[in-house]
Amino acid sequence: MERLWHELELKKKKLEKLKEEVNEMESDLTRRRLERSSSASQIPSIEEMKQLRCKNRSLQIDIDCLTKEIDLLQTRDVGTKAVKPLAEQEEDEGTQWSCTACTFLNHPALNRCEQCEFPRHF
């Protein structure tokens with residue numbers, strides 16, 4: 001009987017230790033969730049990242065096209081020659097180029113791939 005009583009006491013102590021460990025784990029989990037939720041508000045979601053990448057690509061294309069147009073206008077004598085329509089300017093710029101990383105056909109004015117942003121001349 002004493003032996004059983006002693007084993008019961010040992011099991012109770014072990015149970016108490018396990019309860020303490022579980023409580024510590026729960027409080028740690030709660031703390032981590034709070035940290036994650038506060039930091040998650042600062043990090044954009046995947047959908048927001050996709051939208052930002054799309055806007056970035058669009059702006060990069062606009063920048064590249066405007067840069068080419070400015071270069072063309074600066075090299076021409078606007079007073080003696082008429083400016084060509086945009087369709088003819090695009091023909092003068094050359095043919096589309098294939099990205100060496102993803103094989104996407106890009107506009108000749110772009111220096112980076114429109115799909116994967118790999119540099120044109122690597």
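Okay, let's start with Thr-103, which sits in the loop between β1 (97-98) and β2 (105-106). Strands here are DSSP runs of E with at least two residues, helices are runs of H or I with at least four, and both are numbered from the N terminus.

Before I go on, this is a predicted model: local features need pLDDT of at least 70, side-chain atom pairs count only at pLDDT 80 or more, and totals for chains, interfaces and linings use all residues. Residues are numbered from 1 along each chain as its sequence is written, and side-chain values use heavy atoms, with hydrogens and water left out.

So what's up with Thr-103? Its phi is near 65°, a positive value in a residue other than glycine. Most residues other than glycine have a negative phi. Is Thr-103 buried or exposed? It counts as exposed, because its relative accessibility is 58%. The cut-offs are under 20% relative accessible area for buried, over 50% for exposed, and partly exposed in between, using a 1.4 Å probe and protein chains only.

Now hop along to Glu-117, in the segment after β2. Here too phi is near 65°, and again the residue isn't glycine. Glu-117 has 32% relative accessibility, so it counts as partly exposed.

Next up, Asp-64, in helix α2 (residues 46-75). Asp-64 is buried, yet it has no salt bridge. By salt bridge I mean a side-chain nitrogen of Lys or Arg within 4 Å of a carboxyl oxygen of Asp or Glu. Which side chain of opposite charge is nearest to Asp-64? That's Arg-112, 7.5 Å away. For charges, Lys and Arg count as positive, Asp and Glu as negative, and His and the chain ends are not counted. Leaving out residues up to four places away in sequence, Asp-64 touches Ala-109, Leu-110 and Asn-111; a contact means heavy atoms within 4.5 Å.

Let's zoom out. The chain has three helices and two strands, in the order α-α-α-β-β along the sequence. Of its 122 residues, 7% are buried. Among contacts with a separation of 6 or more, 18% are between residues 24 or more positions apart.

Last bit: confidence. pLDDT is the predictor's confidence in each residue, from 0 to 100. The chain's mean is 82, with 80% of its residues at 70 or more. Which element has the lowest mean pLDDT? Helix α3 (residues 86-93), at 55, while β2 has the highest, at 90.
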